[in-house]
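Please read the following with the sequence and the model side by side, and find each residue as it is named. The text begins with a single residue and moves on from there.

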Amino acid sequence: MKADRLVATLLFLQARGRVTVRQVAQELEISERTARRDLEALSAAGVPVYSQRGRGGGWSLVGGARTDLTGFTQREIGALFLAAGPLSASPELRAALRKLVQAVPAPMRTHAEAASKALVVDGLDWSRAAVRAAGGPHHHALEQAVLDRVRIRVGYAEEGAPCQEWTVDPLGLVCKAGRWYTVAVDDRGPRSFLHTRVTSVALTGEPARRPEGFDLAAAWQGLAADAERRLTAVTVRAAADPAAVPGLRELLGDRLRTGESRPDGRCAIEADGPSVDVLVAQLAGSGAQVEVLEPPEARARLARLGQELAAAHGRAPRGDSGDSGTGRSESRFPLGTYYVQDANVGGVGAKSTVRPSRRRPRQRLFSHHVPYRGAVS
């Protein structure tokens, strides 16, 4: 395209300072006649380029004209390259950065190149598992489909559900807290696809249809509001030890609300979640520090969970000499208050409980806030 050639010609002028028509033609692999027309078109468009005839002549920019061509400040260039640096794995972005380096004023190039190398993004968490916030293997294909405005068939696997295929018109990309979504529309209206759950992307060859008056920000607000309503469909009321509240706040965020202190010193709390089972699993990690008061089904589910845990862990592992594995040992320790010393005692029953020495501080085996892997986030 002519516009691409003109930009490439301008960048070539900035890089070389003075060029001949033949050099431009060789660099861009075009005819000398086309190269001359492009240089004249730049001049007619107001770009300060001029030609000088004779030996040693050629085309150049008036006074370098580098600062006026971009308008970037050094801080703006640094911020741009700092943001683009960790994302420059794609060939297109690497090429764009190379062109941009040539487009900025010469005194700022060193600063720009340093900024592009000043940030590293590590895609593994401390358990060496891939971070869920990554774009996923089909991120680039979804990105290109949005830019090319082409209809696609998307394979998508909801959590706990079989994979389904959707034919949609991709209209935009959203990054929410580091997680990428494609916003698309089909016959039923707008919907979003979390990139890490996309299993396949296939181009249909048909142009994507964009609804008249479509606004990406407004569409995302509607989709996000629906998701937030699903995430807060159930409310659990409980009494919590004040020491447990910071951990619960980190786990639940704004879905946790605290109330006044109770006469027993505990704090009244309310927690929202997508279901009773999800909330129970999230609150169970706090053990006896949190007592669920209502709804009754949440209390009943926690009681069953406690019984299951006591049955599985209140005796020695199956096959150990300390326990035949045929019976269930009773324990006086409440759920979530087992200690390191106690864990080393096999087959301890209710009538022969061995208490650990008080000369050493007790170390709890459980974490105050164990995240539930099935939770919607």
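This is a predicted model: local features need pLDDT of at least 70, side-chain atom pairs count only at pLDDT 80 or more; totals for chains, interfaces and linings use all residues.

P242 is partly exposed, with a relative accessible area of 45%; here buried means under 20% relative accessible area, exposed means over 50%, and partly exposed is what lies in between, with a 1.4 Å probe and protein chains only. This proline sits in the loop between β9 (234-240) and α10 (245-252), where helices (H or I, at least four residues) and strands (E, at least two) are DSSP runs, numbered from the N terminus. Leaving aside residues up to four places away in sequence, P242 touches G265 and R266, a contact being heavy atoms within 4.5 Å. Although P242 and R266 are 24 residues apart along the chain, their C-alpha atoms are separated by 6.2 Å.

Residues are numbered from 1 along each chain as its sequence is written, and side-chain values use heavy atoms, with hydrogens and water left out. The pLDDT is the predictor's confidence in each residue, from 0 to 100; its mean over the chain is 76, and 73% of the residues reach 70 or more. Over residues 65-69 the pLDDT is below 50, and this stretch has 13 contacts in the model beyond near neighbours in sequence. Residues 324-377 also have a pLDDT below 50, and that stretch has 71 contacts beyond near neighbours in sequence.

Taken as a whole, the chain has 13 helices and 12 strands, and of its 377 residues 33% count as buried. Among the contacts in the chain with a separation of 6 or more, 58% are accounted for by residues 24 or more positions apart.

Which residues of α10 are buried? They are V245, G247, L248 and L252, and they cover an arc of only 160 degrees around the axis, which puts them on the same side of α10; the arc is that of the directions from the helix axis to the C-beta atoms. An α-helix has 3.6 residues a turn, so residues three or four places apart point the same way. On the other side of α10, P246 and E250 are exposed. What covers the buried residues of α10 includes β9, β10 (256-261), β11 (267-273), α11 (276-284) and β12. Just after the helix, G253 takes a positive phi of about 65 degrees. G247 can also be placed relative to G285, which is 38 residues from G247 in sequence and 10.0 Å away in space, C-alpha to C-alpha. G285 lies in the loop between α11 and β12 and, at 12% relative accessibility, counts as buried.

Turn next to a pair of helices. Two packed helices are described by the angle between their axes and the distance between the axes. Helix α2 (residues 21-28) and helix α3 (residues 32-44) pack at an angle of about 105 degrees, with their axes 8 Å apart; axes are lines fitted to C-alpha atoms, for helices over the stretch in contact, and angles run from 0 to 180 degrees between N-to-C directions. That makes α2 roughly perpendicular to α3, because angles of 65 to 115 degrees count as roughly perpendicular, under 35 as roughly parallel, over 145 as roughly antiparallel and the rest as oblique. The contact is made by V21, R22, V24 and A25 of α2 and by E32, A35, R36 and L39 of α3.

Finally, consider the backbone. Most residues other than glycine have a negative phi, and most peptide bonds are trans. E29, in the loop between α2 and α3, has a positive phi near 55 degrees and counts as exposed at 73% relative accessibility. R149, in the loop between α8 (139-148) and β4 (150-157), has a positive phi of about 55 degrees although it is not a glycine, and it counts as exposed at 57% relative accessibility. A cis peptide bond joins E294 and P295, with omega about 5 degrees, and P295 lies in the loop between β12 (290-294) and α12 (296-313).
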